[in-house]
Amino acid sequence: MPQGQPLVIPDDGRTTRARRNQPLLAVHTGPGKGKSTAAFGMALRAWNAGLDIAVFQFVKNAKWKIGEESAFARLGQLHQEYGVGGAVEWHKLGAGWSWSRRPGSDAEHAAAAADGWAEITRRLDEQRHDFYVLDEFTYPLGWGWIDTDAVVDTLSNRPGTQHVVITGRNAPAALVAAADLVTEMTKLKHPMDVGRKGQRGIEW
C-alpha cells in the first residue's frame, strides 16, 4: 500500500469515507511473541480515540496480574473521573495457560469458554462496546470448545461499527478467511530458547 493508497479500489458502491469507517476484524496469530501485545496496542489507540473497550481473556489464569490489565484499569479510572478516553472492561475467563496443568475437567473448561462466548455474542448484538480484544481466543476454537463456524457467522454479521481483535496461535482457516486484517507473528529467536525465563515488564 504505497503512500497510503490502496492497491485496488473495490467497486462496492461505497464512498472512501464509508469504507474507512467499516468495522475491522483482526487476527494476530503465529508462533512468535507479540500477538497480545499488538492487540493491546491497538486497544490503547482505540481508548485514546474515545472508544469503549472490552477485553476478554480466554486462557490466562484469573489470578495472574499482567501489566496491560493494570494500565487499562488506570485508563478506565481516568475516563470515569475526568471523561478522557473511553470506558474499559476487563474479563478473565480462563483457568490457566494452555500448556500447564489446569484444575477442573475439560468439560468444565469448555462450558466456561462457551459461556464467555455467549456473553460476548450478547454484547455484540447490543452493540455495547466499540472495541473488543478476544485474547487467546483461538485456543478454545482449536480445542473444539466453541464452534468456529458459529463464531465466524456472528462476527461477520455483527451490527454497527464494532471492532474485534482476536489473538492466539493456529487461528482456524475459516477465521483467517473472514478477517479483514491478519498478522502472523513468526519467531526467529526467543530468550526462553537459551533458558532465560520471562521478565517483569517484558512478559507481564
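Predicted model: local features only at pLDDT ≥ 70, side-chain atom pairs only at ≥ 80, totals over all residues.

Student: What makes V59 count as buried?

Tutor: The residue V59, found in strand β2, has a relative accessibility of 4%. Buried means under 20%, so V59 counts as buried.

Student: Why is T154 called buried?

Tutor: The same cut-off of under 20% applies. T154, which lies in helix α6, has 18% relative accessibility and therefore counts as buried. Leaving aside neighbours within four places in sequence, T154 is in contact with W117, T121 and L124, each of them a buried residue of α4.

Student: How do you know that the span of α4 is close to the one expected?

Tutor: Helix α4 covers residues 106-126, 21 residues in all. The expected span is 1.5 Å times one less than the number of residues, which gives 30 Å for α4. After the helix comes Q127, with a positive phi near 55°.

Student: Why are the buried residues of α4 said to line one face?

Tutor: The buried residues are H109, A110, A113, G116, W117, I120, T121, R123 and L124. Seen down the axis of α4, they fall within an arc of 165°, so they line one face of the helix. An α-helix has 3.6 residues a turn, so residues three or four places apart point the same way. The face turned away from the buried side carries the exposed residues A107, E108, D115 and D125; exposed means over 50% relative accessible area.

Student: What makes a group of residues a nonpolar core, and which residues have the most contacts inside the largest one?

Tutor: The criterion is a set of buried nonpolar residues joined through side-chain atoms within 4.5 Å. The largest such core has 26 residues, and those with the most contacts inside it are W117, L134, F137, I146 and L155. Its largest share, five residues, comes from α4. A second, separate core of 16 residues includes A26, I53, V55 and I66.

Student: Which residues does F137 touch beyond those up to four places away in sequence?

Tutor: With contact taken as heavy atoms within 4.5 Å, F137 touches F58, W117, I146, V151, I166 and T167.

Student: How far apart are V59 and F137 in sequence and in space?

Tutor: V59 and F137 are 78 residues apart in sequence, and their C-alpha atoms are 7.7 Å apart in space.

Conventions. Residues numbered from 1 in each chain as written. Heavy atoms only, no water. Helix = DSSP H or I, 4+ residues; strand = E, 2+ residues; numbered from the N terminus. Buried < 20%, exposed > 50% of the residue type's maximum accessible area, 1.4 Å probe, protein only. Arc of directions from axis to C-beta.
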